[in-house]
Amino acid sequence: MAGFFSKLLGKADSASAGSAAPASTDPFDADHGEASDAERVLYQSASVLMRYPSEEIRSFIPEFLELAGEVNHDALVNAIEDVQRWYDSAPLEDIAGQYVQEYDLSRRHSFHMSYWTEGDTRRRGEALTRFKKMYRDSGMVTDLHGELPDYLPLVLEFTALVDSRAGRAALQAYRPSLELLRFALRDDSLAFYGLVQCICDSLPGESPQSSAEIQKMARPNPPSETVGLEPTDPRLLPLLQPSTPPTSARS
C-alpha cells in the first residue's frame, strides 16, 4: 500500500516547470492549480472504481478507503463506501450486468464528457481531438484501452498520475457535463454519485443546483448543427440548440 501511495502522491507536474505561457482563450490552457494530495487520491480512486466491475477492482476498495482516510477526505470515504455497498449487494456478474445497462447501453449516465455537450455532431470530433492533444502534449504514451479520449476514468487517471494542471483544466472545461452526470446519478440513486460529487467539489466554483444554472455555465454561441440527434433530445445541453428561442419560450 505504501508503494502505491508514494507513486500516486509523488507525481510532479511537468507544467510546473519553465516560464509562463502566453495567455490563451482555450479553456484547456487555463491554470486552476495543481491537484492536492487529497485530490490526486480522489481522481485515481474514482478512475479505477468507475470502470467495468471486476474482482481486481473490488480488491482495491479497502486500499482506496485507507488512502482517503490518510488524506482526511471524509466525503471520499463515504463515496467509496457507497461503491463498496454496491459491490456487496449482489454477485459480481449481476453487478457487471447493472454496469453495462446503466453506463454502456444507456446514454443517460455517459462517461464520455463531450457527448453531453456535442452529442453526435461533427463538432464532437474537434472536442475529441482536443483531448488527444492534451495527452500528446504531456509527452506520455497514453493507452486508451479502446475508449474515446474524453472517457472520464481516463481523464481522471491522467489528472492523478501525469499532469494535474492540464487534467483539471479539461475537467473544468467540461464542468457542465460533469454536473449533468452528477444530477443523473443522484436522481437514479446510483453508486457513483458520491464520487462525481467529490470530483465537482474539487474544481473551482460552486456546483449548480439546477439545470438552468448548468446552462449558464455552458459556453456562448453554440453550434446549431445536430447530426444524428433530434433537436429536442433531452440528453443534450441546450447549448446545442439554435440560439433563437421559440415564440412560446416566454410563456
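Mentor: In helix 5, the buried residues are Leu92, Ile95, Ala96, Tyr99 and Tyr103. Buried means under 20% relative accessible area, with a 1.4 Å probe and protein chains only. These residues cover an arc of only 100° around the axis, so they lie on the same side of helix 5. That arc is taken from the directions from the helix axis to the C-beta atoms. An α-helix has 3.6 residues a turn, so residues three or four places apart point the same way.

This is a predicted model: local features need pLDDT of at least 70, side-chain atom pairs count only at pLDDT 80 or more, and totals for chains, interfaces and linings use all residues. Numbering runs from 1 along each chain as its sequence is written, and side-chain values use heavy atoms, without hydrogens and water.

Helix 5 spans residues 92-104. Helices are DSSP runs (H or I, at least four residues), numbered from the N terminus.

What do the buried residues of helix 5 pack against? They pack against helix 3 (55-70), helix 4 (74-88) and helix 10 (175-187). Contact means heavy atoms within 4.5 Å.

Leaving aside neighbours within four places in sequence, Phe192 is in contact with both, and its other contacts include Trp86 and Phe111. Ring pairs link Tyr99, Tyr103, Trp86 and Phe192 into a cluster, along with Tyr52, Tyr87, Phe111 and Tyr151. Rings of Phe, Tyr and Trp (its six-membered ring) pair if their centres lie within 6.5 Å. Both Trp86 and Phe192 are buried.

Terms used. Helix = DSSP H or I, 4+ residues; strand = E, 2+ residues; numbered from the N terminus. Expected span 1.5 Å × (residues − 1). Buried < 20%, exposed > 50% of the residue type's maximum accessible area, 1.4 Å probe, protein only. Phe/Tyr/Trp six-rings, centres within 6.5 Å; stacked < 30°, edge-to-face > 60°.
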